[in-house]
Amino acid sequence: MSDSPALLALAGLGLSSGISGLAMLRVPRVRPSAALLVFAGLATLSGAVLEATGADAASRLTLVIGGALLAPLALTAYPAITWRHPVDFVSLVVIGASGVLAVVWAGSEATLSAMGLVIACTLIAHTWWKIERATDSDRWALTWMVLAGSLAGMIVFVAAFMELGTVGAVTACLASSTVAPALYIGVRWPEVIDVRGLVVRFVVFVTAAVGYVALFMTLESLIEILDGSVPRAGTLAVIGAVAATTFHPLQVVLRTVVDELLFGARPDPLGAATRVVGHIGDDPVLALRAIREALVLPYAALRLDGKTIAESGAEVTHTRTLPLALGADRTGELAVGVRPGDLTLSAGDDHVLSLVAPLLAQTLRARALAEELRGSRGQAITAIEEERRRLRRDLHDGLGPRLSGIAFTADALRNTLRNDDPSAAEDLLRTLRQETVTAIEDIRELVYAMRPPALDELGLVTALRQQARALRAPDGTPLRVELRAESWPALPAAVEVAAYRIVVEALTNAARHSTSTNATVSLTVSEESFEIEVTDDGSTGKPWRAGVGMTSMGERAAELGGMLTAEGTPQGGRVYAVLPIPP
């Protein structure tokens, strides 16, 4: 290797190793490997300088120290040196001893070849064993080392196989120069790209290429044996075309085999979809777990309005998100982690998730409706308790003392009759009747507050017409009300009372707070709901603000699980409510 380009490439290899090792010294857990890498780089650089000056023996020894002893030990100690386990200890001893023997017999090509083979085989086996037992961070670092080392080893092998001379030596040095930077990336930015997917693609390509070359050479040798002469260019072209037909199918088969060998089996999409659909229920966590188990995914999560509401597994760097249709006012998505060794999800996985996404969206909508139902039920219970508290207060503070007064008046009347005082007895009887009439009026007010008597006496439509005739604007102008209603079967009592209160409150607001003199009430009944629309042709002159009346109307609709909107439009005010009718 006395050519200047080769020496420059060798010096570049030493600089790459030394600089990368110095950078790795900043990471405490890789310092042993980094130190060995620095010394290996210095030895390689020194060997290149010595060979340039003509000191061939010293150069050879220095290069063997760097390439056969220090560099393999640096790779064995990467990313963290371990020696307590028997496998680690034996690997360090074998690689170290082989490197020492190579240094001692640096002048023997046979010894160097034998020790190099032992070092390579031990390093490959030990690295595979470490990957199987490593933590996530160490596994990422080791995968970077495997990718760069495999690429460099393959290029060195091809260059030697093709006997390229100086070009091959330069190419081999440049390829080997990528190993040290890859080690640095593996401990500093291990997840900058999905290196595991690159490993699978590289292994598949190299294996397929080796198979192609082996088939080509087998066919060429067979023809040469049968014909007794070296095949001509046309024959070689046909042989190459025939061998090339196996390259892509071999890649497809190898991708499945290597992927399963390195990262486990992949599920059948149809079977996975069947299992997932069978496990999706009301609990999104169980649904996500079923998705992960069926598709062998590392992570799955459900997000609602940008917030994660359920997740399963450990979050990974590379994820795929699918939108979930939850309506115009809510956004949801399903996020799944990409498997180790994959750059993206397969077509089968996408198909399964496209089937699962609508079911998950339905689950989220059901949960949202259940939450709304619980909230509505809580409001209804609160309203009932508030009504009970009001009745208790009215009975205790109003009707109770009045009835007590009636009882005391009756006692006084009895005493007066015993004293034979007709005039005083007549006054007490007059007081007793007045208190009784007042108590009856109080009872009527309580009953009216719970359910207007006009509903039972006249019905909803007639009661509304009667109430509308009494409405006046602040200046005394009557409000003309057009009531549009069709016949319908008997409504539930709660719906009827809520409809009466909402319509009366809406008309009262139109009479008091707008410039309207005309109002229209439309009542429509369907199998599932009772729709109310109250419109007027006036304007308040300013945006509507929710006061006591509007709040009361909204609460009455919400108590039944319905909805109400009240707003001012260019044509006038509009109150629209939908009250569900229980089946």
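Me: What share of contacts in the protein between residues at least 6 apart in sequence join residues at least 24 apart?
Reply: The share is 66%. Contact means heavy atoms within 4.5 Å. This is a predicted model: local features need pLDDT of at least 70, side-chain atom pairs count only at pLDDT 80 or more, and totals for chains, interfaces and linings use all residues. Residues are numbered from 1 along each chain as its sequence is written, and side-chain values use heavy atoms, without hydrogens and water.

Me: Why are α2 and α3 called roughly antiparallel?
Reply: Helix α2 (residues 31–52) and helix α3 (residues 56–76) pack at about 160°, with axes 8 Å apart. Axes are lines fitted to C-alpha atoms over the stretch in contact, and angles run from 0 to 180 degrees between N-to-C directions. Angles over 145 degrees count as roughly antiparallel. Therefore α2 and α3 are roughly antiparallel.

Me: What makes up the contact of α2 with α3?
Reply: Residues of α2 including Leu36, Phe39 and Leu50 meet residues of α3 including Leu63, Leu70 and Leu73. The contact residues divide into 13 nonpolar, seven polar and two charged. Ala, Val, Leu, Ile, Met, Phe, Trp, Tyr, Cys and Pro count as nonpolar, Asp, Glu, Lys and Arg as charged, and the others, Gly among them, as polar.

Me: Why does Thr520 count as buried?
Reply: Buried means under 20% relative accessible area, with a 1.4 Å probe and protein chains only. Thr520 has 18% relative accessibility, so Thr520 counts as buried. Thr520 lies in strand β6 (residues 518–525). Strands are DSSP runs (E, at least two residues), and helices are runs of H or I, at least four residues. Leaving out residues up to four places away in sequence, Thr520 touches Glu482, Arg484, Glu533, Val534 and Thr535.

Terms used. Angles under 35 degrees count as roughly parallel, over 145 as roughly antiparallel, 65 to 115 as roughly perpendicular and the rest as oblique. Buried means under 20% relative accessible area, exposed over 50%, partly exposed in between (1.4 Å probe, protein chains only).
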